[in-house]
Amino acid sequence: MLKSCLLCNRGLNNNLDLSFILSFRKITPKLVCEGCITSFSTLVDHKTCIRCGKLSAILECADCQQWNDQFVNRAMFQYDEAMRNFFQHYKFQGDYLLRKVFQDQFVNFIQKILKENELIVPIPVDESTMTSRGFNQVTGLMEGLDWKDVLINQRSNDSLHQFQRSRRERLQQDSSFILKSGCDISGEHILLVDDIYTTGATLRQARTTLLRNGATQVRSVTLCR
Amino acid sequence: MEEIEKQKYYGRLVLQPINAVPTDSLDCRPAIVMKGNQIHCQRCGAITSSRDGALPDHQFYCRKCINLGRVSTLVQLATIPEPNNFVANQSYLEWPGKLTAPQARCSKAIINSIDQQQNRLLWAVTGAGKTEMLFPGINHALQKQKRICVASPRIDVVLELFPRFQEAFPQAKIALLHGRSPAPYEYTQFVLCTTHQLLRFYHAFDVLIIDEVDSFPYAMNPELHYATKQARKLQGSTIYLTATPDGKLLQQSRQAKLATSYLTRRFHGHPLPEIKVVSGQNWIKKLRKGRLPSPLSRFIKEQIQAQRQFLIFVPKIEVLPKVLEALQQVFPTVKVLTVHAADPERVAKVQMMRKQEIDALITITILERGVTFPGIDVAVLGADDAVFSMAALVQIAGRVGRSPQRPKGTVLFICPMLNRNIKRAQAQIKFMNRKASEC
């Protein structure tokens, strides 16, 4: 059991009360303190855009009206300051243990919206990121799920990361994904999984690649929007 | 490799991909050594469980020092031994001030330790003028082409020291390193940094001076202790500066394993104010009812009559608003504010106190060191709480009587019961006062 919160390092109170002990339920040790949990803002049970899942008072948000396609994404959390800070540590600093913070919730979330015939496909990271970071931040969040690696991210070494580009540049980009050789996805219904939906360009690129290669339907789920 | 390129590696630990092309000039070694299920970090010395620091494909990383850039089995540590290619100069020191006789004695002892490559503890009471005492020693080391570092666990202390050193050594280039500085690393003979930054050095310094060794986070952090060992050359001297040595340092000093210099008198020559403890039963309950504990209201009444500023320390943030509320109810004329570590207006509020725009501050342990308000008195509510270490209590008492105009003052501890930390803090102040009267 961890003694301190994974995010703020303050002491964790893992004391069990008598009613819990007598209930004979399994102990799920706390990883994160109450203060840190409440700093994230959930999108579940909130009014969101029916297309991208963004917090939105209107049915279809301005971004999606601009896209004007049939893309559907579901998200769990808002991508706000607390989330940005989390990804700074998890993804960019490379603290792989932090995957546990959202892992269980995210896996539950995916299982809930997953349709029976759907195939889960995570967005891959490119090779140079994989060698320096050592992990894919998306699959880290999905431990315990059945997923298939069918895409290759072929962003070349000297080209920019997505977060280094402006919105316009991202939207004008051609797909940086290709299908892994030997994968047959014709007729499949696919659920793409990514960590963050910002402009939606990455997910749409992956969707284009998948549809070109014979997938019938592609929608996506992300941890935050 | 070009000289300018090499300078980045002199006495440093630079992270490189494990598959980088090897060059002759670089010494490379693995960043992580695995021993069974343990991850042994070669930068910070931490031993962690492989379960917490696992990456996919049997790779591992160290979580302890991750804020300085991740050390993992995917990288290696590259360094070049410190060459000490520095220019000998006549003298760097341009400080017009003069040391008092006891200060001069201590500063001579520091120079001796530097020459003999020995460690030394400089035990100087709060308000003794430690920084000035270092100037001759630093100057001596710079002239002898030694590489030197002054490190402190606290970033505020480092930021406060920098202009003072720069003024005293205008000819020397000083690198200022801390977690919030955006400037890239530059190779200099004189380094001023937080103790965390020492993790990035390897056998770099001949002289390593650590200020406020007893303070958080250095005191309880084995990685930082490891860092100070690694950052200094095998032959060299480490000088510890503190007002409140504790634990191992105190033990070594008592067993005469660590040479110790005492500076028992404040610069104005008066003894330290001693701690007065009064029992304050149920102070939490009283606060909850909106009342002040009676010793505290007596203390405040005295302050109002004498028109003096004062500080009230409390153990927890949650107590701050309650004390404020009760105080304002009983003494509506007193201008008082609360301040804590995460307070965005922290600096401004301390400034207001300095300018005497307000009468009092209610605070937690952040104001225990480094801040000087002349002529104040101090009260500590719940001094027996675990957050007040012996060192913190001595430091709190040390806020009082700093000005030559009013070298005495009241240090009032209000607590239900005495504990070891309070007793030891009292004993330490008495010990220093006795030692001061002996010499």
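Student: What makes the radius of gyration of chain B agree with that of a compact globule?

Tutor: In this predicted model, chain B has a radius of gyration of 24 Å. The C-alpha atoms of chain B fill a box of roughly 75 × 55 × 40 Å along the principal axes.

Student: What share of the contacts in chain B joins residues 24 or more positions apart?

Tutor: Among contacts with a separation of 6 or more, such pairs account for 74%. Chain B comprises 12 helices and 21 strands, and 54% of its 439 residues are buried.

Student: Why is Arg51(A) called buried?

Tutor: The relative accessible area of Arg51(A) is 15%. Buried means under 20%, so Arg51(A) qualifies with its 15%. Arg51(A) belongs to the loop between helix H2 (34-39) and helix H3 (62-67) of chain A.

Student: Which residues are in contact with Arg51(A), leaving aside its neighbours within four places in sequence?

Tutor: They are Glu60(A), Cys64(A), Asp69(A), Gln70(A), Phe71(A), Val72(A) and Asn73(A). Each has heavy atoms within 4.5 Å of Arg51(A), because that is what contact means.

Student: How do you know that the buried residues of H10(B) line one face of the helix?

Tutor: Helix H10 of chain B covers residues 346-354, and its buried residues are Lys349(B), Val350(B) and Met353(B). Seen down the axis of H10(B), these fall within an arc of 100°, so they line one face. They pack against strand E17 (310-313), strand E18 (336-339) and strand E19 (360-363) of chain B. Just after H10(B), Gln356(B) adopts a positive phi of about 65°.

Student: What makes the buried residues of H5(B) line one face of the helix?

Tutor: Helix H5 of chain B, residues 222-231, has Glu223(B), Leu224(B), Ala227(B), Thr228(B), Gln230(B) and Ala231(B) as its buried residues. The arc that holds them, seen down the axis of H5(B), is 165°, and therefore they line one face. On the other side of H5(B), Pro222(B) and Lys229(B) are exposed. The cover over the buried residues of H5(B) includes strand E2 (27-30), strand E13 (205-210) and strand E14 (232-242) of chain B.

Student: How many positive and negative side chains does chain B have?

Tutor: Chain B has 58 positive and 34 negative side chains, and the centres of these two sets are 8 Å apart. The accessible surface of chain B amounts to about 20400 Å², and 51% of that area belongs to carbon and sulfur atoms.

Methods
Residues numbered from 1 in each chain as written. Chains lettered and ligands numbered in written order. Predicted model: local features only at pLDDT ≥ 70, side-chain atom pairs only at ≥ 80, totals over all residues. Heavy atoms only, no water. Helix = DSSP H or I, 4+ residues; strand = E, 2+ residues; numbered from the N terminus. Rg over C-alpha atoms; globule rule 2.2 N^0.38 Å. Buried < 20%, exposed > 50% of the residue type's maximum accessible area, 1.4 Å probe, protein only. Areas by Shrake-Rupley, 256 points an atom, 1.4 Å probe, with all protein chains shown as cover. Lys, Arg positive; Asp, Glu negative; His and termini not counted. Charge placed at Lys NZ, Arg CZ, Asp CG, Glu CD. Arc of directions from axis to C-beta.
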